[in-house]
Amino acid sequence: MFGKLFGRGGERPAADPHALAVPRRQKGGMYTLQALGDARVQALVEAAGAGDWEAVKAAAAPFDLGRDHQVLAELADVDGVQEWIGRAVEEDKEHRATALLISGARHIVWGWQARTAARAVDVTREQWRLFHERLDIAEEQLLEAAELRPEWITPWRRLLTSGRGMSLGSAVNETRLDAALRRDPLDLETHIEWLSQLQPRWGGEPGQGLAFAREAFAGAPDGHRLGCVIAMAHIEEWVESETNDFLDRSEVQEELREAARRSILHPAYERRLGWQEDFNVFAMALSLSHEGVVTPRVYHELGGAYTPWPWTYLAQPEKMYARFRRRP
């Protein structure tokens with residue numbers, strides 16, 4: 001039915017030999033996607049969790065950490081990496097850039113864990129101290145990684161995050177944005193990171209982020225995942241608003257439908273590693289807007305796969321995913 005309505009966008013590839021088995025589904029028919037749904041990524045995460053640098057290098061071989069933001073994010077989220085990665089930085093000269101990249105990305109995540117998601121006025125002096133101490137380390141390491149491997153984009157995207165957290169100012173952060181986009185003008189993760197920077201809570205102006213997203217996606221080819229920046233821009237607008245039904249407007253619903261059809265539901269869209277997160281971004285935005293035409297197709301294609309981001313913007317992310325998924 002969906003194929004007749006929307007075409008065969010996002011056609012599923014042949015069976016992936018590296019795909020993890022779908023775990024037992026939770027209440028509501030959902031399950032949390034682990035390790036991007038890939039056995040190789042799972043092996044990489046397990047090696048990092050064990051503190052085995054040689055195993056990490058071997059498991060990372062199929063990936064390009066200098067360009068694959070999602071695989072790097074899986075490593076950055078592993079608890080305890082900061083306890084051993086410094087030795088790899090100092091001792092493995094051949095792979096120093098990779099070790100610096102992983103360490104820098106981890107220190108940003110670790111820094112935000114110290115700060116917590118509390119409002120700035122509620123963060124203690126000790127939390128601020130740890131936050132800045134860890135981001136200082138991340139800045140130094142990521143800048144060196146970028147110098148050692150000038151073709152890499154992932155250090156610059158991460159430096160946008162640390163620059164925002166440390167309030168380095170528009171001149172520094174715009175230079176970093178330019179550096180990332182020179183390496184890939186259509187890089188989704190870089191655009192989404194800058195979208196956050198443009199929000200009023202980080203010093204931007206109302207509507208500035210959505211205008212940026214529209215301009216960016218207008219220059220993307222059909223089937224490109226950059227369409228997710230439109231969905232994320234509306235989620236950010238909803239976060240900044242004071243009403244839960246802020247997106248429940250016909251013009252928002254239509255823009256989201258069109259963006260989905262031009263990106264994740266287009267025949268040219270590639271279901272690359274981690275594609276489920278792209279679909280989750282649209283699922284959340286479409287659900288918040290109470291759109292009823294494309295939303296069922298997006299959830300159907302996901303088959304219950306839930307990715308924590310971007311649902312962590314909600315107070316009860318898993319519960320809300322399951323509720324929206326069941327909604328007619």
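Helices here are DSSP runs of H or I with at least four residues, strands are runs of E with at least two, and both are numbered from the N terminus. Keep in mind that every view below comes from a predicted model.

**View 1. His290 sits in the loop between α14 and α15.** His290 isn't a glycine, yet its phi is positive, at about 60°. Its relative accessible area is 41%, so it counts as partly exposed, given that this class runs between 20% and 50%.

View 2. Look for Ala35 in the loop that runs between strand β1 (31–32) and helix α2 (39–49). Is Ala35 buried or exposed? It's buried: the relative accessible area is 9%, and the cut-off for buried is under 20%.

**View 3. Trp309 and Pro310 are joined by a cis peptide bond.** Omega for this bond is near 10°.

View 4. Helix α17 itself takes in residues 317–326.

**View 5. A patch of positive charge on the surface.** Lys27, Lys319, Arg323 and Arg326 come together here. Among them, Arg323 is part of helix α17. Arg323 is partly exposed, with 41% relative accessible area, so it clears the cut-off of over 30% that patch members need. Patch members also have no salt bridge.

**View 6. Arg134 is buried but has no salt bridge.** This arginine lies in helix α7, which covers residues 125–148. Which side chain of opposite charge is nearest to Arg134? That would be Glu133, 5.3 Å away, whereas a salt bridge calls for a side-chain nitrogen within 4 Å of a carboxyl oxygen. Setting aside neighbours within four places in sequence, Arg134 touches His107, Trp110, Gly111 and Ala114.

Terms used
Residues numbered from 1 in each chain as written. Predicted model: local features only at pLDDT ≥ 70, side-chain atom pairs only at ≥ 80, totals over all residues. Heavy atoms only, no water. Patch = residues over 30% accessible without salt bridge, like charges linked within 9 Å, V, L, I, M, F, W, Y side chains within 5 Å. Areas by Shrake-Rupley, 256 points an atom, 1.4 Å probe, with all protein chains shown as cover. Lys, Arg positive; Asp, Glu negative; His and termini not counted. Charge placed at Lys NZ, Arg CZ, Asp CG, Glu CD. Buried < 20%, exposed > 50% of the residue type's maximum accessible area, 1.4 Å probe, protein only. Contact = heavy atoms within 4.5 Å.
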